[in-house]
Amino acid sequence: MTTMRELTLIGIRMESPNRAPVMMLRETEGYRYLPISIGSVEATAIAYEEQGLRPSRPLTHDLMRDLIEAFGVTVEAVEIVELRDAVFYAELVLGNGARVSARPSDSVALAVRLGTPIRCTEKVLQEAGVATPEEEQAELERFRQFLDGVAPEDFSS
């Protein structure tokens, strides 16, 4: 049995020098962060949902949520299951026991829309997780406050 750790989405930050979006996840019961580089479209989709913004037409992840609900399927969890050749792999765990392969960015964009738990294998956290010493906690709090002021438009090219 693979040990899974629950994660919380902290937010999206822009990584210098090319301002590439990075999705920041944190262990719910721990001290490790999991940064994952993602595309600007997914960053915008996550930021929209986090800020409660509703576009006039549904985004792709809104459509996925609506289809899942229309078909009466439940997504029990999103699991980040592997890191291979610097690429993260995730799966949607469906209520009927099926597992669907997905990118972590799409999985998290869907999870924030459905209120679905986000999990990660201990192995992936050991390989890519970043431990945060106590003295950096204040800086992370300032970063969280910064995220509260970021608009989705900041992610567009």
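## Close-up views of a predicted model

The count comes to 16 salt bridges, where a salt bridge is a side-chain nitrogen of Lys or Arg within 4 Å of a carboxyl oxygen of Asp or Glu. This is a predicted model: local features need pLDDT of at least 70, side-chain atom pairs count only at pLDDT 80 or more, and totals for chains, interfaces and linings use all residues. Residues are numbered from 1 along each chain as its sequence is written, and side-chain values use heavy atoms, leaving out hydrogens and water.

**View 1. Glutamate 42 and arginine 103 meet in a salt bridge**. The N to O distance is 2.6 Å. This pair links distant parts of the chain, 61 residues apart. Glutamate 42 is in helix H1, and arginine 103 is in the loop between strand S6 (99-102) and H3. Helices (H or I, at least four residues) and strands (E, at least two) are DSSP runs, numbered from the N terminus. Glutamate 42 is buried at 10% relative accessibility. Arginine 103 is partly exposed at 48%. Buried means under 20% relative accessible area, exposed over 50%, and partly exposed in between (1.4 Å probe, protein chains only).

**View 2. Glutamate 79 forms a salt bridge with arginine 99**. Their closest N and O atoms are 2.3 Å apart. Glutamate 79 is in strand S4 and arginine 99 in strand S6, 20 residues apart. Glutamate 79 is buried, at 7% relative accessibility. Arginine 99 is partly exposed, at 43%.

**View 3. Arginine 65 and aspartate 62 pair within helix H2**. Their salt bridge spans 3.6 Å, N to O. The two residues lie 3 apart, about one turn of the helix. Arginine 65 is buried, and so is aspartate 62. Both belong to a network of salt bridges that also links Glu49, Arg54, Asp66 and Arg113.

**View 4. Aspartate 85 and alanine 86 have positive phi values**. Most residues other than glycine have a negative phi. Phi is near 55° for aspartate 85 and near 65° for alanine 86. Aspartate 85 lies in the loop between strand S4 (75-84) and strand S5 (87-94), and alanine 86 is in the loop between S4 and S5 too. Aspartate 85 is exposed, with a relative accessible area of 72%. Alanine 86 is exposed at 73%.

**View 5. Isoleucine 38 sits in the loop between strand S3 (32-37) and H1**. Isoleucine 38 is buried, with a relative accessible area of 10%. Phenylalanine 143 is 105 residues away from isoleucine 38 in sequence. In space, the two are 18 Å apart, C-alpha to C-alpha.
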